[in-house]
Amino acid sequence: MAMDKTTNVLIVDDYKTMLRIIRNLLKQLEFDNVEEASDGQEALAKLRAGQFGLVISDWNMQPMTGLDLLKEVRADARLKETPFIMITAESKTENVVAAKAAGVSNYIVKPFNAETLRGKIEKVLTDA
Amino acid sequence: MPDGQEGGDRIEEAVRAVLGSMAGDMTVTEVALLGELEALGREVARAKSEIAALRVDDINASHIPTATDELDAVVSHTANATNEILDCCEILEGLQTRLAGSDAATLSDAVTRIYEACSFQDITGQRIGKVVSALKSIEQRVAAVTQTFGRGGPAPPCTEEAPAGVLTQGQELANGPQLPGAGTSQAEVDRLLASFD
């Protein structure tokens, strides 16, 4: 099944440069419906106010981390099925295990390449 | 345990008081004790003068603030440079539609590789943040030492995460980038995730 390129994507990162890089890579993949948030709290507010088909989030943000955002999403009756990709420099095994336990759809370690991003998005959107 | 110069002075006072109380004939044990106390007094005086000679005040007054400012400037400059590079990439992508076939694909691949490379700014920013946190921790400990020996001003306010508050699991596990070889590769992450299925 092909990826639905009209999916609304929310990207979450406290580094503006990284938001810009991910947005541009998504644009290359022909995802044009992209919104941004700079931490988990802002992301949660946008998710609750809108209709998103994919979240791509960093982990290490203040005040709400990506893992805590993931838990909030999975605990929300309307949002709980939303595909959620963690994209982070947190590369310890315990981080991956915690994210999986919280319900992450896929996990990308920074620095990453565009092909990895494309592959993970394709997988989570076709699995959804 | 006594704190500050008062603490060091108390030790000296105690030594003098003991010495002053030892009048008349002394036993062998008392003589040995007297020797130990005199040695202790000399050690306290030597430690005070050595720490004073180290000019540790300079570390907090100048060296650490300068170092953290320099690191902040590194983050700022690399962010500006990265954004300039991204500006140029976006211009190049705008030209892509004017190119034919393989030229367009070549340009697209090159721009993608630049985007991938520019993610260094995030990683280096996080690494520098960890160094700044370490420097601030050193600053606090140096201030504690200078206070103990009565030479420093008040210790800087604690800038570490308040331990009193309950950290979320996400905050507890937020350690930033690992050193090469210490973290998990993408292939290992993929294998780990697959093992849960």
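Predicted model: local features only at pLDDT ≥ 70, side-chain atom pairs only at ≥ 80, totals over all residues.

**Cysteines, cores and a pocket**

Modeller: The sulfur of Cys88(B) sits 7.1 Å from the closest cysteine sulfur, in Cys89(B), which is too far for a bond (a disulfide is a pair of cysteine sulfur atoms within 2.5 Å). Residues are numbered from 1 along each chain as its sequence is written, chains are lettered from A and ligands numbered from 1 in the order in which they are written, and side-chain values use heavy atoms, with hydrogens and water left out.

Biologist: And Cys89(B), how far is the closest cysteine sulfur there?

Modeller: 5.9 Å, in Cys118(B). That is too far for a bond as well.

Biologist: How many disulfides over all chains?

Modeller: A search of the whole structure gives 0.

Biologist: Cys88(B) and Cys89(B): buried or exposed?

Modeller: Cys89(B) is buried, at 2% relative accessible area. Cys88(B) is partly exposed, at 44%. The cut-offs are under 20% for buried, over 50% for exposed and partly exposed in between, with a 1.4 Å probe and protein chains only.

Biologist: Switching to the inside. Which residues touch the most other members in the largest nonpolar core?

Modeller: Leu26(A), Phe31(A), Ile56(A) and Ile121(A), out of 30 residues. A nonpolar core here is a set of buried Ala, Val, Leu, Ile, Met, Phe, Trp, Tyr and Cys residues joined through side-chain atoms within 4.5 Å.

Biologist: Which elements supply at least two residues each?

Modeller: From chain A, β1 (9-12), α1 (16-28), β3 (54-57), β4 (84-88) and α5 (114-127). From chain B, α3 (57-95) and α4 (101-118). The largest share, 6 residues, comes from α1(A). Helices (H or I, at least four residues) and strands (E, at least two) are DSSP runs, numbered from the N terminus.

Biologist: What is Leu26(A) in contact with?

Modeller: Leaving aside neighbours within four places in sequence, Leu26(A) contacts Val9(A), Ile11(A), Phe31(A), Val34(A), Ile56(A) and Ile121(A). Contact means heavy atoms within 4.5 Å.

Biologist: Now the backbone. Where are the cis peptide bonds?

Modeller: One joins Gln62(A) and Pro63(A), with omega about 0°. Pro63(A) is in the loop between β3 and α3 (66-75) of chain A. Another runs from Lys110(A) to Pro111(A), with omega near -5°. Pro111(A) is in the loop between β5 (106-109) and α5 of chain A.

Biologist: What about phi at Glu30(A)?

Modeller: Positive, about 75°, although Glu30(A) is not a glycine. Glu30(A) lies in the loop between α1 and β2 (34-37) of chain A. At 52% relative accessibility, Glu30(A) counts as exposed.

Biologist: Next, the second largest pocket. What volume?

Modeller: About 320 Å³. On a 1 Å grid over the protein atoms alone, a pocket is an open set of points where a 1.4 Å probe fits, with protein on both sides within 12 Å along at least five of seven lines; lining residues have an atom within 4 Å of a point. Grid points are joined across faces, edges and corners, and the volume is the space filled by probe spheres set on the points.

Biologist: Which residues lie nearest its centre?

Modeller: Ser105(A), Asn106(A), Lys123(A), Val124(A) and Asp127(A), from a lining of 18 residues. α5 of chain A and α7 (186-196) of chain B are the elements giving two or more residues to the lining. The largest share, 4 residues, comes from α5(A).

Biologist: How do the lining residues divide?

Modeller: 6 nonpolar, 4 polar and 8 charged. Ala, Val, Leu, Ile, Met, Phe, Trp, Tyr, Cys and Pro count as nonpolar, Asp, Glu, Lys and Arg as charged, and the others, Gly among them, as polar.

Biologist: Last one. How many helices and strands in chain B?

Modeller: 7 helices and 0 strands. Buried residues make up 27% of the 197 residues in chain B.
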